[in-house]
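Hi,

Here is the structure I promised to pass on. Have a look through it first, and then read my notes below.

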Amino acid sequence: MLLLLMVLEALWAGGNTFETHIIGGRNAVPHSRPYMVSLQKSGCHQCGGVLLNQNWVLTAAHCVTQPTQQLRLVLGLHVLGEPSPTYRIKKVVLHPKHKPVPHLENDLALLKLDGKVKPSKTIQPLALPQGRQAVAAGTRCSVAGWGLTHQPGQLAKVLQELDLRVLDTRMCNNSRFWNGTISPHMICLAADSKSQAPCKVRVLGGDSGGPVVCRRGQVAGILSFSSVECTDIFKPPVAVAVAPYMPWIKKVLRH
Ligand SMILES: *[C@@H]1O[C@H](CO)[C@@H](O)[C@H](O)[C@H]1NC(C)=O
Ligand SMILES: *[C@@H]1O[C@H](CO)[C@@H](O)[C@H](O)[C@H]1NC(C)=O
């Protein structure tokens, strides 16, 4: 807990947003992830998100703590800054039990767009998970985002993607790793290949809120937090699992 607090304090000190970024990823094939959303403030990318249907985007709750009048959702993007359909946020539904930084439990928010999205080649929703089962340890997943690619550094211009696998939650929660800060609905992730340098597993700074995709065509998780220390393999990126929250998501989307 102390470590997490220190990590988060360092993050707060370093900037006014708590973000997640990808280091060591690769350029995504243009528009191969047409569900990706860039949550922006005054034209600056802040967080990722995932389009669920014509009206709703799922992201991390900690991404929408600021006044929403200034936020925009940009869809169908490959390169940041390129003209793309942009929406305002009509409604924010934070998970009723979400805990803000530094606890970040139930770190999910549903954002209603101020218009209906017209699906196209570059804009398509991603399906929600079918069952309520958690993602098993060892499962291969991928994440994508426009977050920082170096530290210190700049945001990626081109959408980056990275393959990861799911770590055993009990291990991730032990004293060497996140030391008791992992709750049952969290997914810990690590680089797919053991040969990758620790920095390649960093997912921090602008990527949080973005989807974790494990089974093709379904959102398994939403990136939530990671550590600031690039070399710290014991603080792997953590996502919120989506499946356990399906009753809440369905209820919000129905109304
Ligand atoms: C883990 O957390 C416990 C209790 O919160 C604390 O006493 C301990 O020092 C922490 N261990 C490490 C390695 O940070
Ligand atoms: C992680 O450890 C904490 C403290 O021991 C515990 O409350 C929590 O339920 C654990 N998380 C999981 C997923 O078991």
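**What I found**

Let's start in a loop: Asn-179 sits between helix H2 (169–172) and strand S11 (186–191), where helices (H or I, at least four residues) and strands (E, at least two) are DSSP runs numbered from the N terminus. Before going on, note that this is a predicted model, where local features need pLDDT of at least 70, side-chain atom pairs count only at pLDDT 80 or more, and totals for chains, interfaces and linings use all residues. Residues are numbered from 1 along each chain as its sequence is written, chains are lettered from A and ligands numbered from 1 in the order in which they are written, and side-chain values use heavy atoms, with hydrogens and water left out.

Back to Asn-179: its phi is near 45°, a positive value in a residue other than glycine. At 40% relative accessibility, Asn-179 counts as partly exposed (buried is under 20% relative accessible area, exposed over 50%, partly exposed in between, with a 1.4 Å probe and protein chains only). Ser-42, in the loop between S3 and S4, also isn't a glycine and has a positive phi of about 50°. Ser-42 is exposed, because its relative accessibility is 63%.

Now, which residues are around ligand 2? They are Thr-169, Asn-173, Gly-180, Ile-182, Ser-183 and Pro-184, counting a residue as near if one of its heavy atoms lies within 4 Å. The protein covers 46% of the 360 Å² of accessible area that ligand 2 has on its own (Shrake-Rupley method, 1.4 Å probe). An N or O atom in the side chain of Asn-173 is 2.4 Å from an oxygen of ligand 2, and a polar backbone atom of Ile-182 is 2.6 Å from a nitrogen of ligand 2.

Next, the largest nonpolar core has 47 residues, and Leu-39, Leu-58, Leu-73, Leu-110 and Ile-249 touch the most other members. A core here is a set of buried Ala, Val, Leu, Ile, Met, Phe, Trp, Tyr and Cys residues joined through side-chain atoms within 4.5 Å. Where does this core lie? Domain 1 (34–125 + 246–254) and domain 2 (139–243) both give residues to it, so it lies between them; the domain bounds come from an automatic or database domain assignment.

Last one: Gln-160 is in strand S10 (residues 160–166). Gln-160 counts as buried because its relative accessibility is 10%, and a polar atom of its side chain lies 3.0 Å from the backbone oxygen of Val-158.

Cheers

How values were computed: A polar contact is a pair of N or O atoms within 3.5 Å; within protein, one must be able to donate a hydrogen and the other to accept it, and residues adjacent in sequence count only if both atoms are side-chain atoms.
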